[in-house]
Amino acid sequence: MKKSNFLFITVLVLVLSLMLTACGGKSEEANVQVADEAVSEEEADIQVADEAVPAEEEGTEQGDLTALASEIGTAAMGVTEAGETIYYAEAVDSSFAILVFYDLEQNQNVSFVGPVSADGNAITITDYNNGLSFTFTMEAAEDDAVVIDTGDSGLAVMQECDPMEVLDAMQAISDYSEALA
C-alpha cells in the first residue's frame, strides 16, 4: 500500500474516532472498518472550513441552523458497513427528519429531508423535494448508541450527538459534495 494511502486511512480512522468520542462515545466503542482501497491525494486534501458567521443572526446560514437545531430532539452520526458516513436528525415532535449518507471516496451524498412515519421499528422519511422515500429500522443500543439497518448500505452504529454538530456536518456536505438525490 502506498505511504500516502496509509496516511490517509490512518487520518480517516482518527477523525471518525474523534467524531464518535466528541459525541459522548468511547474510542473503544468505535468498531470502524475502513476498506483498504486506493484513495487519490486530491480526495485526501478535501477540507471543509467553518465559516465565521455569527450564530444568532437570523437569516444567515448559521442563524438558520441554530434555529433548526432548537427543533431537533434526536441527532446522531456514524458509519455504515459500506463505509459511508451517515447523519440523522429528527424533530422533537417527530414531524420531520433529515438523513444524509456521505461517500467520502466519491465526494457524493444522498439525503432525505421530510415528514417521518413509523411502523414499529421501521421509520420512513419521504423527501420534500423529490417525493422519494427511504425506510430503515432503528434500535437503541448501549451508551446512547443507535443501530440502524439501512438495507443496501448495511448496518450502521451511530452515536447520539449535539444537534448543531450534526446539522453543521450536513450543511458542509450539502455545500461541498455532489448530491445524487
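I started with β1 and strand β8 (residues 155-160): five bridges join them, and they run antiparallel. Helices (H or I, at least four residues) and strands (E, at least two) are DSSP runs, numbered from the N terminus, and two strands pair if DSSP finds at least two bridges between them. I looked up V79 and found V157 as its bridge partner in β8.

A note on the source: this is a predicted model, where local features need pLDDT of at least 70, side-chain atom pairs count only at pLDDT 80 or more, and totals for chains, interfaces and linings use all residues. Residues are numbered from 1 along each chain as its sequence is written, and side-chain values use heavy atoms, with hydrogens and water left out.

Next I checked strand β2 (residues 85-91), which pairs with β1 in the antiparallel sense over seven bridges. A75 stands opposite A89 of β2. The two strands make a hairpin with four residues between them, and G83 in the turn has a positive phi of about 95 degrees.

Is β1 enclosed or open? It is largely enclosed by the rest of the structure, because seven of its nine residues (72-80) are buried, meaning under 20% relative accessible area with a 1.4 Å probe, protein chains only.

Last, I looked at nonpolar cores, sets of buried Ala, Val, Leu, Ile, Met, Phe, Trp, Tyr and Cys residues joined through side-chain atoms within 4.5 Å. The largest has 19 residues, and I72 and Y87 are among those with the most contacts inside it. The largest share of this core, six residues, comes from α4. A second, separate core of 16 residues includes F136 and A156.

Definitions and conventions
Buried means under 20% relative accessible area, exposed over 50%, partly exposed in between (1.4 Å probe, protein chains only).
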